[in-house]
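User: Can you walk me through reading a few features of this model? I'd like the general idea, then the case at hand.

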Amino acid sequence: MENTLAALGRLGIIPIVKIERAEDALPLGKALIAGGLPCAEITFRTGAAAQAIQSLSSACPELMLGAGTVLTIEQAETAVRAGARFIVAPGFDPELVDWCQARDLPVLPGVATASEISAALKKRLKVLKFFPSEMLGGVAMLKALSGPFVDVKFVATGGVSSANLATYLALPCVYACGGSWMVESKLISGGQFGEITRLAAQACAIVRQARPASA
Ligand code: 3PG
């Protein structure tokens, strides 16, 4: 069976979700699946995150479900109990990484500098979240960083949209991109699940075009 990280790389996009009401989780998951993007990173930026993960993991097992904005080991524990299959953090927290690695749980810690990448390499991590990507210099910065760090792959996140997704995916060092544009909070709270499906399908079409070999 394909492992979680490989599946994320194949999909090429991780929708980053901030959900206010857990009851919106199910229609959201179905909308993403209908758009051909069976993946969601539910961020611990709201009190509904754990319950949303819980209901999605039992109702939509085909959804690749992760927890984002994980700042503490307690949140990681809660996320895993709820059914999260991978952990994403905005920064590089060695203790959180250790906790995940001890449980064979895929973890994508955020890095923004060469020093943080070096620290992540010490943990034998090869796929890292690059955050906040556009604000750090985006594609140009990733090209510069991948000079010395030849084996590192990045999940570029922060300021990625349908307008620049293809440019990111064209870089060999870009493993996938994370983004909230197809699952914006106002679309979720406004019940605009058809629009989420449309934007997810559009994002998948961009991935297919940018990576024809893996389509
Ligand atoms: C994240 O949590 O990684 C970012 O908030 C996502 O960035 P975006 O909202 O610019 O896509």
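Analyst: We'll go through the ligand site, then aromatic rings, then the backbone. This is a predicted model, where local features need pLDDT of at least 70, side-chain atom pairs count only at pLDDT 80 or more, and totals for chains, interfaces and linings use all residues. Residues are numbered from 1 along each chain as its sequence is written, and side-chain values use heavy atoms, with hydrogens and water left out.

User: Which residues are around the ligand?

Analyst: A residue counts as near if one of its heavy atoms lies within 4 Å of the molecule. Here that gives Ile16, Arg45, Lys129, Phe131, Thr157, Gly158, Gly159, Gly179 and Ser180. By type, this shell holds 2 nonpolar, 5 polar and 2 charged residues, with Gly counted as polar.

User: How many aromatic pairs does a search of the whole structure find?

Analyst: You describe such a pair by the distance of the ring centres and the angle of the planes. Centres must lie within 6.5 Å; planes under 30 degrees apart are stacked, over 60 edge-to-face, and the rest tilted. The search turns up 1 pair. Strands here are DSSP E runs of at least two residues, and helices are H or I runs of at least four.

User: Which peptide bond is cis?

Analyst: Check omega: from Phe131 to Pro132 the bond is cis, with omega near -10°. Pro132 belongs to the loop between β7 and α7 (133-136).

User: And what about phi at Asp104?

Analyst: Asp104 has a positive phi of about 55°, although it isn't a glycine. You'll find Asp104 in the loop between α5 (94-102) and β5 (107-108).

Conventions
Phe/Tyr/Trp six-rings, centres within 6.5 Å; stacked < 30°, edge-to-face > 60°.
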